[in-house]
Amino acid sequence: MSRRDPYIIKRINLRRVIVVTVISVLVVLLILFAFIMESDLPINFLSLTQIHREHPSLILIDLLPLVVSAILHPMHHIMNQAISEYEERVLESQQLLKRNTEFAIGLSNGEDPEAFDEILETDLGKALRMIHINIKADRRKESEQSWIVEGKDIVSKILREQHDMEELSYGILRVLSSYIESSQGAFYVYNEESKLLVNTATYAYNRKKYLAQEFKIGEGLVGQCAFEMDYIYRTEIPEDYITISSGILGDQKPECILLVPLISNEVLQGIVEFAFMKEHIPKLTIQFLLELGEIIARTILNLNMNLRTQKWLEESRAMTEELQKNETQLQDNASEMNSAQQKLEQANIQLEGKIIEARQANERLHLMLEYSSEMISIYNNDSLLTYVSPSVINIYACSVEEMMAGKYVERLGKVHTTQLLKLFEQIRDNPGGIETLEHSFIRPDGEKIFLRSVCRNMLDDNAIKGFLLNTTDITESVRVEREQRLKTRMQALSENSLDLILRISTSGNIYYANPIVEDYTYIAPSSMVNRNLSEVPFKQVFSTLLDEVLASMAISPVKKNLQLTLPLEMGEYKTQRILNVDAIPEFQENELETILIVGHDITEAKAIEKEIKIQNRKVQDSINYAERIQSSILPDTARIRKAFPRSFVYYKAKDVISGDFPWFFETDDSYYIAAVDCTGHGVPGALLSMVGLFLMNNITGLNPGISAGDLSESLHQEVRKALKQDHDKSETRDGMDMALCRFMKNRPVMEFAGAHRPLYVLSEGEVSVYKGDRKAIGGLKHRRKAEKPFTNTEIHYRPGDKFFFFTDGLTDQMGGPEGLKYGSARVRQVLLENAGYTIPQFFDHFQSDFISWMGKERQLDDLLLIGIEV
C-alpha cells in the first residue's frame, strides 16, 4: 500500500458519514411525505406543521439525522486517529526495515557497520546482531591467525638460514622483539648434560652481569618456567629484575614480563624471555609465542642433533686418517716379512718330512686322548694348568684353548677352586700320593655336571713335573642317587601329608594311597593298593570322579583341576567336605604311565569366600546408601536452573560417591555457586565434601553478602580447624580446590575467587581466563612463608556472556589418539571454535567430547563442569 492510502481511507470514511447522514434526511422526508399523503394535505410548510401537531412523535423522527450525525462524526474522528497512528507505525517499521536492510547490505559487502539500539527490537535485528558478532569474531580470528602466520614465516626464514646456535638465538630475539614490540629479550637453551638453562643470546641488555647466565631447573623465574613447562606472565615485577636503558627515558623497570618454554614432544629445549614497557600485552601475543615455541624447539632439537652428528663425523674422519697411517706402516712391515718368508721356505722344506712323521704320531696320541672317557690335566708346582687332554671337549664342553686361557675357573666355582688348591697342598710333600675330589662344573650351555678327580703328586717325574688329574663324569650316578633320595623323601612327605594322594595306572590299578585317603573313603589304603578301581567299594561320587579323570586322560593327558563335594558321616552327624582335586599325568619315555591324584580340602576356604562375598555386598549396600544421602544433601539442579535458567551442571563421579560437589546458596542480594574438588574420591572424598558443604552453608548463612574472596578465606580457616591442621604436630594435608562465583541480583557484576581452579568467560567470541590463586582450601601452614588471603576478582558482564568453571577431573583425564591429558588448552579451544553455541549445546558437546576423548581409558578422577549464561 502507498503512502497516500491512509488519506484516501479518511476521505472514503468522510463520504460514508455524509452519505449516511443524507440517507437519514431522505428517510425523514419520506416519512413526512407519507404522513402528508395519508392526510390528503397539500405539500407545503403548513401541512408539515399540521401533521407535527397531530403526531408529536414525528419530532423524534425529525431528530434522526442529527442523532446519526452526532454518532457518526465522533466515530469518524476516532477512525481517522487510528489510521494516523497506524500510518506512523508503518512508517517506523519501514524505516527500521530500511536500516536493517542497510545493516545487512553492509555485512554482505564485508563492511563493519555500526549497530544501532533499535536493532534488537525485532527477531530479524537480533539475528543480524548475532551474525554481526560472529562475523566480527571470525574476522578477528582471521586477522589474528594472519598475524600469527606472518610472524611464523618471518621466524621460519631465520630458522632455515641459521645453523649456529648463538646466531640463531640472536636472530630470533631480534625479529620477535620487533614483531611483538618488546623492549628486551633473552634466549636460554637447555643443556641435557649439565641440566642447566644457558643464556645464548640477549637483546637490548645494557649490563654484562646479565650476560652468559645459567639457571637450574626451578631456580628463578626462568627455572620455574622450565619446571612447570608452562608460560609465566607477570605484571608485578620483582625488585631485583633488570632495568631497560634509554637515552631519553634513562633506566626504567619493565611493566610486564613473559617467559615461554620451548617444548618439543614434551621435552624441554629452552626458554625465551621478553620484557615490555606497556602494562599489559595482548593474549594474541602469548598465543603466538606458545605456537611458535614448538617450532623453535623442534629446530633447536634438530640443530643439536646435527651438531652431535657433525662431532661424530669429525671423530670418525680422524680415526680413518689414523687407520690409513697404520695401514701404510703395515704394508711396509709386510714387504719385509715376505723377504724373510722366502728364506724360511727352504728351511721348511727340509723340516717338512720330519714334521709329517711327528704329526702322525701326535694325531694317534690325540685321537686316543680325545675319545678317552677321562680327562687328563697337569698343574705345575704353582698350581697353574700346563696341559689338558682333548677329551675336555666331551666333559667340560670347552676347547683346549679356552681351558688353557683359564676360562674354566669361573665355571668351576670359587668353593671348588679353593678345594682343588687345598688338595694340591695336602699331597705336595707326599711324592706319589693320591687324593680324590668330587665337585661340580657348569658347562657353557648352562648344564651342571658332577665330576670325580683323582690327583697324583708327580712333581718328581721329569716327564710330568706337576700334579696329574684324571677327571671322570659322574653326573649320571649322582642323578640316580638323588632320584632315589627324592623318592624316599616324597614317600615320607606323602605319608605325612594332609592332602589325599592316589597314584593309579591308565587301566585303573591303584599303585599308591596315603593314609588320608581313609579319612574320606573309610577304606584302608592297604586294602585298595594293587587293586583295580572297579574292585574297591568307593562312594558313587568319588568313583565317578576317578572314572572321569581316566576318560579325560585317555583323550588329552594334561594336568586337570576338578572340585569334588564329598558327603561324610561321623556317627549321627552328617556333613560334607569340598576337595580341590588335581589330576597330574606322569610320563615314562614320553608315554603316559601313571596318574597322580592330589585332593586338597578347601571346605574352610569356601566358607571364608562365602563370608567375604556377604561382607562385600554389605559394604556395597552401605556405599549405595551413602550415595543417596550425599545426593539428598547436595543442591538440586532445579534450584540452580531456577536462579540461572540458561545453565548446566555436568557431574560424573569416578565411583559411586564423589569427592567433587556443586554448591549453591541464595541470599537477598546474591547467588553463590561453586565447583569444589575435595582431596581423593570415593568414600574419603565424599566425607570431606560433607565437611565443606556444611561449613560453606554455615559461613554464608551467618554472613549474608560476604564476598567470594572472604568466603574462600573463611572456609580455608574453618577447614583447618575442623581437620585440626592448625596444630603444629598435625600431619593431615587434606583440603579442597574450588572455583567460587558470586552473582549480584541487582547489577551486572559477579565476583570470583579460585583455589587452584580457573574461571573461563566467553564474551562476544573471546575467551578470558581468570586463573585463581595458587593456594588450596585447608592443608598445613607453610612454616616459613606467610600466606596471602584469597583474591576477590570483580567482573562486569554483559547479557549473553557465558561462564565456565570445573574441577581437574576434566583437564587431567588421559585419552585421545596419543594418550595425552584433556588439558585446559582444549577447553579454551572448544569455547573459541563454538562461540555461537547455546548453553544446552555446550553441555551436549562437552559431554560427548569427554566420553570420546576418554575412549577405552579408565576415568581417573571425579568430574564436575558448570556452565552459566547471564
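Is Lys613 buried or exposed? At 51% relative accessibility, Lys613 counts as exposed, because the cut-off for that class is over 50%. The model toured here is a predicted one.

**Stop one: helix 16**

Select residues 603-633, which form helix 16, and locate Glu609 and Lys613 within that helix. The two residues lie four positions apart, about one turn of the helix. Glu609 and Lys613 form a salt bridge, with 3.9 Å between the closest N and O atoms. Glu609 has a relative accessibility of 35% and counts as partly exposed.

**Stop two: Lys775 and Glu713**

Next, select Lys775 and Glu713, whose closest N and O atoms are 3.1 Å apart in a salt bridge. This pair links distant parts of the chain, 62 residues apart: Lys775 is in the loop between strand 25 (766-770) and strand 26 (777-778), while Glu713 is in helix 19 (residues 708-722). Lys775 is buried, with a relative accessible area of 12%. Glu713 is buried as well, at 18%.

**Stop three: strands 11 and 12**

Now select Arg452 and Glu438, whose side chains meet in a salt bridge of 2.9 Å, N to O. Arg452 belongs to strand 12 (residues 448-458) and Glu438 to strand 11 (residues 434-442), so the pair ties together parts that are 14 residues apart in sequence. Arg452 is partly exposed at 33% relative accessibility, and Glu438 is partly exposed at 47%. By the rule applied here, the salt bridges number 20.

**Stop four: Asn580**

Move to strand 17 (residues 573-588) and select Asn580. Asn580 counts as buried, since its relative accessibility is 19% and the class requires a value under 20%. Leaving aside residues up to four places away in sequence, Asn580 touches Asn561, Leu562, Gln563, Val598, Gly599, His600 and Ile602. With one of these, Asn561, the side chain of Asn580 makes a polar contact of 3.1 Å. Gly599 is 19 residues from Asn580 in sequence, yet their C-alpha atoms are 5.5 Å apart in space.

**Stop five: a nonpolar surface patch**

Finally, select Ile59, Leu60, Leu63, Leu66, Val67, Ile71 and Met75, which make a nonpolar surface patch of about 680 Å². Helix 3 (58-62) and helix 4 (64-108) each supply at least two of the patch residues. Helix 4 contributes the most, with four residues. Leu63 is placed in the loop between helix 3 and helix 4, and Leu63 is partly exposed, with a relative accessible area of 39%.

Technical notes
Residues numbered from 1 in each chain as written. Predicted model: local features only at pLDDT ≥ 70, side-chain atom pairs only at ≥ 80, totals over all residues. Heavy atoms only, no water. Buried < 20%, exposed > 50% of the residue type's maximum accessible area, 1.4 Å probe, protein only. Contact = heavy atoms within 4.5 Å. Polar contact = N/O pair within 3.5 Å; in protein donor to acceptor, adjacent residues only side chain to side chain. Patch = residues over 30% accessible without salt bridge, like charges linked within 9 Å, V, L, I, M, F, W, Y side chains within 5 Å. Areas by Shrake-Rupley, 256 points an atom, 1.4 Å probe, with all protein chains shown as cover. Salt bridge = Lys/Arg side-chain N within 4 Å of Asp/Glu carboxyl O.
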